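Please read this briefing with the sequence and the model side by side.

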Amino acid sequence: MKKITAVILLLTLLSSACFLAACGKGGEGKSEVSSGHSSSNQSESGGTESDIFESIPKETRFDGQKIVFLCVSESASGEIYSEDLNEKLMNDAVYARNMLVEQRLGVKIAVEYGSGGVSCIEMMRQSISAGGDDYQVIMPYATDAAALALEKNLLNLDEIDELNLKNEYWDQNANKGLSIGGKLFFAIGSMTYSDKALTLVYCFNKTVAETNKMDDPYELVLSGEWTMDKMLSMAREVTFDSSGDGQMGIDDTWGLFLNTSSGSLFFEASGERMSSKDEYDLPIVTVGSQRGVDVFDKILSIYTDAKATLLIEANNDAAIAHGYDGCYHAADMAMVEGRALFRTMNLTDLSALSNYEVDFGILPYPKYDKNQDKYFSTVSLFYVKPVCIPISNTNVTATAYTLAAMCAASVETVEKSYYEVLLKQRQVKDEKSEPMLDIIFGNRVYDLAILYNWGGKDIFDPNGLFWFMNVVAERGTNTFSAAYDSLKDAIQSAVDDTIATFYS
């Protein structure tokens, strides 16, 4: 009874925190979650049980059925399972979510994870090979989920009505982006937050911008004028030899600390796609358009501007030589010490910055030009952990209803805790960044090319569709068209093989 009371209190506090935050900003006491799904069907007080689970038939019960989730690691399992309340925000939100689901459906949620040198996908393969039903759900990294799908070890989720995949508590952008030929083998929804934390963004130092009397980046975004050209011109204004040694390096002031993988991300942010879909929902390669070539020209100008840009990973040795733990630590400290105006990052990196007294804001990746109507933010799929159901599952109905219930119950617990409290109130700590986050989450991109890197042996192979333009950009010479021409036959062959595998 104490735990039930604690859960009710947690739900009340979450709703109150979001309500008060909105009222304090002159809002109406209601906040939308714009991550491909919304909480519009929930009441502001957390909703009644019938409201939360309205998509699940009232008579649905499973009399103690155990649903085991196989996760990547013990730490990764934290977004699925919590042993008990411990007054930590996300832990307690997961606990509250699970208790609601277990009480409603009569199931028992459990986790296992890869350990002892055996990965979760190897554990899954061994279980399937042995004819067992050890795990009802697997949540590997998305790239491993793609491999399991190609091996035909996963069920097509689109055929499982009980999942309610069209409900807004599932990310509809992910459903659309990650399917092939109408088949969806892994899904993302309100029940997890790894996909949200791995959304790619810009961070900027507000003090540096204000000291240099720059245009307000927030206003640039809202007016549609936050473009690659504008970003680069601002970055050039602040770059200088702050160390005074006559050479520009990792310890100087730069307008932009740039991840070397950003070439593909700028490309996606421009509205171009490395891969798209035809009318049959089959992937097609789309990097070779004239606009795509023009976009890459601009990307290259950002990479090679010695008066604006420092490539983070290319300076790892220099960072260590200067006493940093590595290039990412150096980039963090440049932001903290006011030696960086902009830095590319994913949202999970905010946890490091939030430990320091630094006034920073969050922005989407800039548009290609003012004619582009939307900002697009790519999800770094490498370490996202989607939901998959293995072919060995002998109780798909109970599993599917449990997943749907977990998503439904997460809207007011896990999702709200991450998005409205942890992200907006604790990590960003900046009211003006909140509409930026809504813009970012409103147009997230899931590109299959990131998962499959067609043409490459692995996701980081420079001969693959996703990674080749990053390598070309880092080298600094515009061989984009020639590089693509040399790779396109192998890329197309790999795409054809993927399609054939799903249809064989």
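E87 is exposed, with a relative accessible area of 80%, where exposed means over 50%, buried under 20% and partly exposed in between (1.4 Å probe, protein chains only). This is a predicted model, in which local features need pLDDT of at least 70 and side-chain atom pairs count only at pLDDT 80 or more, while totals for chains, interfaces and linings use all residues. Residues are numbered from 1 along each chain as its sequence is written, and side-chain values use heavy atoms, with hydrogens and water left out.

**Residues with positive phi**

- Most residues other than glycine have a negative phi.
- E87 has a positive phi, near 70 degrees, and is found in the loop between strand 1 (65-71) and helix 3 (89-105); helices (H or I, at least four residues) and strands (E, at least two) are DSSP runs, numbered from the N terminus.
- D281 also has a positive phi, near 65 degrees, and is found in the loop between strand 6 (275-277) and strand 7 (283-285).
- D281 counts as buried, at 18% relative accessibility.

**Helix 14**

- Helix 14 (residues 327-336) is mostly covered, since 8 of its 10 residues are buried, among them C327, D332 and V336.
- The buried residues of helix 14 pack against several elements, including strand 4 (200-205), strand 5 (254-258) and helix 13 (316-321).
- G338 follows helix 14 and has a positive phi, near 75 degrees.

**Helix 17 and helix 18**

- Helix 17 (residues 414-428) and helix 18 (residues 433-442) pack at an angle of about 135 degrees, with their axes 11 Å apart; axes are lines fitted to C-alpha atoms, for helices over the stretch in contact, and angles run from 0 to 180 degrees between N-to-C directions.
- That angle makes helix 17 oblique to helix 18, because angles under 35 degrees count as roughly parallel, over 145 as roughly antiparallel, 65 to 115 as roughly perpendicular and the rest as oblique.
- Y419, L423, K424 and V428 in helix 17 meet S433, E434, L437, D438 and F441 in helix 18, where contact means heavy atoms within 4.5 Å.

**The whole chain**

- The protein chain has 21 helices and 12 strands.
- Its radius of gyration is 23 Å, close to the 23 Å that the globule rule gives for 504 residues, so the protein chain is as compact as a globular protein of that length; the radius is taken over C-alpha atoms, and the rule is 2.2 Å times the number of residues to the power 0.38.
- Buried residues make up 58% of the 504 residues in the protein chain.
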